[in-house]
Every structure is written in structure tokens, then in C-alpha cells.
Amino acid sequence: MASGKRILLIIGGGIAAYKSLDLIRKLRTEGFRVRCILTRAGAQFVTPLSVASLSGDKVYSELFDLMSEAEMGHIELSRDADLLVAAPATADLMARMAQGLADDLAATTLLATDKPVLIAPAMNVRMWEHAATRRNLSTLRRDGVAVIGPNAGEMACGEFGPGRMAEPEEIVSAIKGLLAPGARPLAGLRALVTSGPTHEPIDPVRYIANRSSGKQGYAIAAALRSLGAETVLVSGPSGEAAPPGVKTHRVETACQMLEACLGAGQFDIAVCAAAVADWRLADQSSRKIKKRADGRAPALQLTENPDILHTLSQPGATRPRLVIGFAAETDDLGVNARRKLEKKGCDWIVANDVSPETGIMGGDSNTIHLLTAEGVEDWPAMSKTEVARHLAQRIASFFAQS
Ligand SMILES: Cc1cc2nc3c(=O)[nH]c(=O)nc-3n(C[C@H](O)[C@H](O)[C@H](O)COP(=O)(O)O)c2cc1C
């Protein structure tokens with residue numbers, strides 16, 4: 001029995017909405033408390049009266065109906081649940097979620113939540129296979145949204161293929177899996193992730209930088225969050241969107257990154273994925289440096305930046321229990337990474353070869369070697385999202401054993 005875990009069920013406007021009535025019934029039989037949002041389109045398929053009768057609660061539909069004091073606001077609705085489930089999740093709702101739109105109660109609640117989200121897509125096979133839906137699906141997965149189905153079979157429209165909403169009992173079992181105690185093994189732990197490059201100003205308009213995109217660090221922050229860790233991301237300049245539920249601080253320089261890390265509190269886990277510049281200008285110019293009349297180039301005097309990984313690895317009461325550094329190397333990867341592990345005092349090193357021909361820096365995939373006290377693991381090439389998921393699982397195993 002689910003001992004009163006609370007599900008916020010969002011019923012979208014698809015034929016499969018009729019199955020959601022059975023889903024409510026099954027969830028309640030299992031001991032879940034179910035509260036429902038019925039979209040306007042959803043109400044074309046099932047009536048608010050049926051949903052209210054089966055859920056034993058008021059049905060929520062309109063964003064602006066919630067403004068009276070007696071009602072729960074959309075923020076409360078999104079927080080007052082252990083899990084948000086969109087079933088059926090229409091192509092339209094998936095697109096709005098992927099875009100971060102908040103144009104009705106369902107979308108606003110999904111955007112405002114800090115709770116895990118499960119979607120059960122249901123739509124015509126062509127809609128499901130459309131490039132736009134594939135894009136939205138991968139964005140949602142990257143954002144940490146869990147997905148069940150759709151199943152293949154004959155559809156209400158007469159076509160055949162994937163698009164049928166997963167059966168209510170399959171959705172119940174996915175919900176149970178997501179809410180099982182082991183499903184969020186990092187719950188109660190705090191994680192710090194650094195990501196992206198740093199920009200070290202030369203003068204007000206120029207800077208020293210590197211080719212890091214931040215993709216790997218952002219994916220790690222999202223993966224740790226989805227395993228339940230309260231996650232803080234300190235990011236250098238990056239075009240990546242802040243992962244949902246992750247507190248993100250944006251900084252520019254290595255000094256600012258260190259300050260943001262030290263100011264963010266105490267952590268159990270630190271993953272230093274940022275490609276922090278080793279040097280900054282010893283004396284940055286407050287005015288744009290002009291070309292000289294004699295044709296001589298200016299001599300830039302560099303000074304070493306603070307070492308964030310080394311600082312966070314220092315022994316002491318505030319040291320995170322697990323400190324992980326990244327080693328981006330172009331030569332002698334194994335030797336340099338092992339040396340870095342010893343020199344920095346961190347626990348693990350994630351080493352990758354960032355030679356231009358690997359396409360790793362700025363790319364979507366990565367081939368990593370995980371160095372720990374026990375030895376080296378060579379992981380196969382995978383997407384940065386998969387690397388992040390595997391690493392988060394490894395971190396969870398470390399805490400399960402310690
Ligand atoms: C008869 C009918 C059936 C529909 N079935 C689906 C469906 O199964 N899946 C889907 O994604 N959209 C379906 N649609 C389109 C959605 O209802 C429409 O995109 C709507 O804007 C979705 O709104 P919502 O996401 O807020 O519920 C259907 C529309 C009609 C008229």
C-alpha cells in the first residue's frame with residue numbers, strides 16, 4: 001500500500017482520457033491520494049463530475065479560478081504532491097512543457113513544481129513520430145521527466161503503431177517505482193556541481209576563455225537532482241538552460257566561481273565539472289587596450305587562478321564526503337588524470353580526452369574514464385546525459401555503501 005502518497009494527476013485532451021478514470025480508481029485502491037487537474041481539452045473527453053467522484057476531491061481546471069483564498073494556488077498544488085503525473089500527456093502538453101510555457105493551469109503547475117514528474121504520452125502515431133515530438137521528448141527526458149509508454153497497437157483513429165497510452169496498471173507500477181524509497185537514493189543529500197568555462201577579462205571587452213559548453217555539468221546537476229539530491233549548480237557562461245529544480249548561480253570568472261561555491265553552504269557531494277581557467281590577467285585593464293603606434297603587441301601578464309577543486313578537497317569538517325574532479329586532457333590522459341587525483345586531494349576523477357578530433361568539448365557525447373582509489377573504469381562512448389545518469393548512479397552506490 002502507498003500509505004497516503006499524494007499524486008497530482010493532470011488529464012490532458014486525448015481519447016485516452018477515459019483510461020485515466022480507471023487510473024484514478026486503481027491509484028486509490030493502492031492507497032494513493034489523488035488530486036486532479038483536468039485541462040480544458042481533457043474536459044471534452046471526460047467530465048469533471050466523473051473525475052471528482054472517482055478522486056473524491058475537487059477538480060482543478062482554470063488558472064484564475066484559484067485566486068480565492070479558499071482555493072489552492074498553482075504553486076501549492078504543485079508542491080502539495082509527491083509526484084505529478086500527466087496522463088494522457090498530449091503532444092501539445094509535451095510541447096508546452098518542453099518550451100517552459102505556463103499558459104494554463106496544467107502547464108503552470110508543471111513548470112512551478114519541484115517534485116518528480118511522470119508523463120504517459122498518448123497520441124496518433126504520426127504525431128508521436130513527428131520530429132517536433134521527438135525533439136520535445138528528448139528535451140523532457142533531459143530535464144529529468146520520467147516517461148512511460150506509449151505502447152504500440154491499434155489506435156482509436158484506426159492507425160497502428162506506437163501512440164496508445166500505457167495501461168493504468170503499468171502507470172501505477174511506474175508511479176510505485178518512482179516513489180519507492182530506493183528511487184531517490186540521494187534524497188536528503190546536498191550536491192554542488194560546477195560547470196562551463198570561466199571568462200577571465202583582459203579589458204572591458206576582451207576575455208580569456210575555453211571551449212567548454214557546460215553540457216556535461218548541467219546534465220550531471222539534472223541527474224543528481226532526479227535522484228533526489230538538493231542540487232546547486234555554479235555555472236560559468238553557458239548557453240544551457242538551468243535544470244528544473246536545481247538552484248543555479250551564474251558567474252563569469254574563476255574567483256567568482258570559488259566565491260559562489262564557498263557561499264552556497266555545506267555539501268555532501270561536489271562535482272567539479274567546470275573548465276576553470278588556470279590563469280587570469282595579473283592586472284586587467286579598466287579601459288579597452290588600444291593598438292600601439294609602434295606596432296608592438298601588449299604583453300599580458302598572467303597570474304594563477306584559485307584552484308576550486310583543490311580548495312573543496314581540503315580535509316576538514318566542511319569537506320563534502322565525495323569530491324569529484326574532471327580532467328580534460330589532450331595528452332597522456334591516464335598519467336595526467338592520476339597525477340591530478342593525487343595532487344588535488346579529491347576522491348574521484350572523471351577523465352576525458354578533449355583533443356579536437358574527439359569532438360567532446362562542446363559536443364553531445366563523451367567517453368570517460370573514472371579514476372577512483374580502486375582503479376580505472378573505461379566507460380564506453382555515450383551521450384553526456386547518459387554519462388551523467390551513470391555517474392549519478394555511481395555516486396548513489398557510494399553513499400549506499402558508506
Ligand atoms: C477527437 C480528438 C481527439 C484527440 N486526441 C488526441 C490525442 O490522443 N493525443 C493528443 O496529443 N492530442 C489529441 N487531440 C488534440 C488535443 O486535444 C489538442 O492538442 C489540445 O490542445 C490538447 O490540450 P491539452 O494538452 O491542454 O489537454 C485530440 C483532439 C480531438 C478533437
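Colleague: In what order do the eight strands of the open sheet stand, and how is the pairing described?
Modeller: The order is E13-E12-E9-E14-E17-E18-E20-E21, and the pairing is mixed. Strands (E, at least two residues) and helices (H or I, at least four residues) are DSSP runs, numbered from the N terminus. Two strands pair if DSSP finds at least two bridges between them.

Colleague: Which strands stand at the edges of that sheet?
Modeller: Strand E13 (247-250) and strand E21 (375-378) do; each has a single partner strand, so one side of each is left without a neighbour in the sheet. On average, neighbouring strands of this sheet are turned by 15° against each other, direction ignored. Axes here are lines fitted to C-alpha atoms, for helices over the stretch in contact, and angles run from 0 to 180 degrees between N-to-C directions.

Colleague: Before we go on, what kind of model is this?
Modeller: This is a predicted model, in which local features need pLDDT of at least 70 and side-chain atom pairs count only at pLDDT 80 or more, while totals for chains, interfaces and linings use all residues. Residues are numbered from 1 along each chain as its sequence is written.

Colleague: Back to the sheet: how many bridges join E9 and E12?
Modeller: Strand E9 (residues 190-195) and strand E12 (residues 230-235) run parallel and are joined by six bridges. In this pairing Arg 190 stands opposite Glu 230 of E12.

Colleague: What is the strand order in the open sheet of six strands?
Modeller: That sheet has the order E3-E2-E1-E4-E5-E6, with parallel pairing. Its edge strands are strand E3 (59-60) and strand E6 (146-147), each of which pairs on one side only.

Colleague: Is E1 mostly covered or uncovered?
Modeller: E1 is mostly covered, with five of its six residues buried. A residue is buried if 20 or more other C-beta atoms lie within 10 Å of its own, exposed if 12 or fewer, and partly exposed in between; C-beta atoms are placed from the backbone. E1 pairs with E2 in the parallel sense over six bridges, and Ile 7 stands opposite Val 34 in E2.

Colleague: And what joins E2 to E3?
Modeller: Strand E2 (residues 33-38) runs parallel to E3 and is joined to E3 by two bridges. Cys 36 has Val 59 in E3 as its bridge partner.

Colleague: Which strands does helix H2 lie across?
Modeller: Helix H2 (residues 48-55) lies across strand E1 (6-11), E2 and E3, and runs at about 170° to E2.

Colleague: Changing topic, which residues have the most contacts inside the largest nonpolar core?
Modeller: They are Ile 220, Leu 224, Ile 269 and Cys 272, in a core of 61 residues. Helix H9 (residues 215-226) gives the most to this core, with seven residues. Apart from this core lies another, of 54 residues, among them Ile 7 and Leu 140. A nonpolar core is a set of buried Ala, Val, Leu, Ile, Met, Phe, Trp, Tyr and Cys residues joined through C-beta atoms within 7 Å.

Colleague: What does Cys 272 touch?
Modeller: Leaving out residues up to four places away in sequence, Cys 272 touches Thr 194, Ile 308, Leu 309, Leu 312, Ile 324, Gly 325 and Phe 326. Two residues are in contact if their C-beta atoms, placed from the backbone, lie within 7 Å.

Colleague: Which residues come nearest to the ligand?
Modeller: Of the 16 residues around the ligand, Gly 12, Gly 13, Gly 14, Ala 41 and Thr 90 come nearest. A residue is near a molecule or strand if its C-beta atom, placed from the backbone, lies within 6 Å of it. Helix H4 (residues 91-99) gives the most to this shell, with three residues.

Colleague: Finally, why does Gln 256 count as partly exposed?
Modeller: Gln 256 counts as partly exposed because 16 C-beta neighbours lie inside 10 Å. Gln 256 has its place in helix H10 (residues 254-263).
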